[in-house]
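Trainee: I've got the model open and a few things I'd like to ask about it. Can we go through them one at a time?

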Amino acid sequence: MKGLLTQVGSYDRSVRLLMVNQFTINLGFYMLMPYLAAHLSGTLGLAGWIVGLVLGVRNFSQQGMFLVGGTLADRFGYKPMIVAGCVLRTLGFATLGLVGSLPALLAASAATGLAGALFNPAVRAYLAADAGERRVEAFALFNVFYQAGILLGPLVGMVLTGVDFRVTCLVAAGIFALLSVVQIRALPARRAEGAGGRESGVLAQWRAVLANRPFLLFSVAMIGSYVLTFQVYLALPLEVRRLGGDGEFGTVAVALLFAVSGLSTILGQTRVTAWCRTRYEPGQALVRGLAVMGLAFVPLAAATAVPVPESGTGLWLLAALPPTLAALLLAVGTMIAYPFEMDTIVRLSGDRLVATHYGLYNTICGIGITVGNLGAGAALDAARAAGLPALPWITLCALGLACAAALYGLHRAGRLAAPPSAREARAARL
């Protein structure tokens with residue numbers, strides 16, 4: 001921990017503040033969102049389809065507006081979008097705890113999603129700009145703070161929700177209100193450098209990003225990584241509960257999945273990044289990260305060949321160990337890939353319209369997650385119906401290896417290298 005704090009302290013104040021901000025953002029978000037569905041269906045007594053609609057509006061408003069949020073950050077500066085996102089989430093979370101009508105709930109849910117679309121691209125672009133040549137290491141540290149917030153948030157939320165879900169909402173809103181004030185006062189103003197500010201139109205910005213073919217190919221190739229890592233929240237808990245049941249054991253085993261994923265990142269991210277930096281080029285690290293993510297599902301596929309015990313320790317081990325090992329390998333693969341992934345986006349952007357590139361990247365991957373989760377759910381259902389329990393795990397493994405192969409092809413073709421600057425292009429023509 002002392003070494004981690006020393007690393008954080010070696011960066012400028014803005015970078016340190018962005019890391020702490022991201023921890024606080026995730027703390028406030030994850031102390032509320034895991035318990036929202038139960039509040040809507042239980043306390044408010046809403047129908048299942050309405051609960052799904054409220055949650056879906058939040059996801060759609062965030063994924064669908066990432067490009068807009070990134071564009072605004074490049075045009076008007078990173079700080080205004082970060083502050084606006086935090087203020088909007090303050091209002092959204094407070095409203096979720098105080099209202100019960102469907103229109104108000106939908107508006108609050110949309111506001112919380114839009115808030116994420118505003119500050120996420122801006123935070124990453126700001127961090128990349130101020131970290132400079134050390135941005136790979138900065139993104140590794142950023143991921144530690146990111147995961148720490150995810151790990152701690154549900155625990156705090158569980159305690160507060162035990163009192164009243166409204167208390168959880170108001171505390172989360174208070175956290176974002178405080179965060180807004182801190183950023184207004186302490187976060188230095190930062191604007192995108194180079195072309196792409198107010199002097200160029202929005203459509204020109206979007207055309208420039210959409211014309212960046214290496215970036216688009218990279219974005220599509222990376223979709224699989226997000227589909228695979230999301231299975232910690234979808235397929236792995238379902239598998240645990242399929243074998244271990246919905247009782248106390250199932251709850252503890254699912255919590256173990258999240259704890260292993262978060263703690264391994266907190267403890268190992270910076271070491272893994274430093275190790276990879278000394279041995280691999282960014283493209284090579286990305287290939288290896290995706291390959292590890294794909295291979296994470298091999299233990300689950302292998303476990304399907306083991307007869308399922310009726311009860312006892314054997315059943316518990318079969319229900320808990322393969323999914324936990326898969327969660328650990330997914331975390332390791334993410335640790336390998338994530339800092340180089342964030343750095344590659346900046347390099348492929350040519351340091352122009354960085355937030356817009358991040359915004360489009362998040363939108364593409366968000367759409368991929370939605371489609372991928374539908375496919376994963378369909379594979380789980382098909383596997384049970386056909387008596388082929390290994391099918392979904394083999395499919396997910398193949399997806400990871402296919403994405404790794406795509407990244408390998410892009411790396412070998414030089415598509416993951418930074419584009420030549422305008423000065424270099426002029427020199428080449430001369």
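Trainee: Is Asp 351 buried, partly exposed or exposed?

Mentor: Keep in mind that this is a predicted model. Asp 351 lies in the loop between helix H16 (313-349) and helix H17 (354-386). Buried would need under 20% relative accessible area and exposed over 50%. At 47% relative accessibility, Asp 351 therefore counts as partly exposed.

Trainee: Okay, and what is phi of Leu 353 near?

Mentor: Leu 353 is also in the loop between H16 and H17. Leu 353 is buried, with a relative accessible area of 4%, because buried means under 20%. Its phi is positive in a residue other than glycine, near 55°.

Trainee: What about phi of Asp 351, what is that near?

Mentor: Here too we have a positive value in a residue other than glycine. For Asp 351, phi is near 60°.

Trainee: Now to the helices. Are H5 and H7 parallel, perpendicular or oblique to each other?

Mentor: The axes of helix H5 (residues 66-76) and helix H7 (residues 102-131) come within 8 Å and cross at roughly 50°. Roughly parallel would take an angle under 35 degrees, and roughly perpendicular one of 65 to 115. H5 and H7 are therefore oblique.

Trainee: How many charged residues does the contact of H5 with H7 have?

Mentor: From H5, the contact is made by Phe 66, Gly 69, Gly 70, Leu 72 and Ala 73. H7 brings Gly 116, Ala 117, Leu 118, Asn 120, Pro 121 and Ala 122. By class that gives seven nonpolar and four polar residues, and as for charged ones, no residues.

Note on methods:
Residues are numbered from 1 along each chain as its sequence is written. This is a predicted model: local features need pLDDT of at least 70, side-chain atom pairs count only at pLDDT 80 or more; totals for chains, interfaces and linings use all residues. Side-chain values use heavy atoms; hydrogens and water are left out. Axes are lines fitted to C-alpha atoms, for helices over the stretch in contact, and angles run from 0 to 180 degrees between N-to-C directions. Helices (H or I, at least four residues) and strands (E, at least two) are DSSP runs, numbered from the N terminus. Angles under 35 degrees count as roughly parallel, over 145 as roughly antiparallel, 65 to 115 as roughly perpendicular and the rest as oblique. Contact means heavy atoms within 4.5 Å. Ala, Val, Leu, Ile, Met, Phe, Trp, Tyr, Cys and Pro count as nonpolar, Asp, Glu, Lys and Arg as charged, and the others, Gly among them, as polar. Buried means under 20% relative accessible area, exposed over 50%, partly exposed in between (1.4 Å probe, protein chains only).
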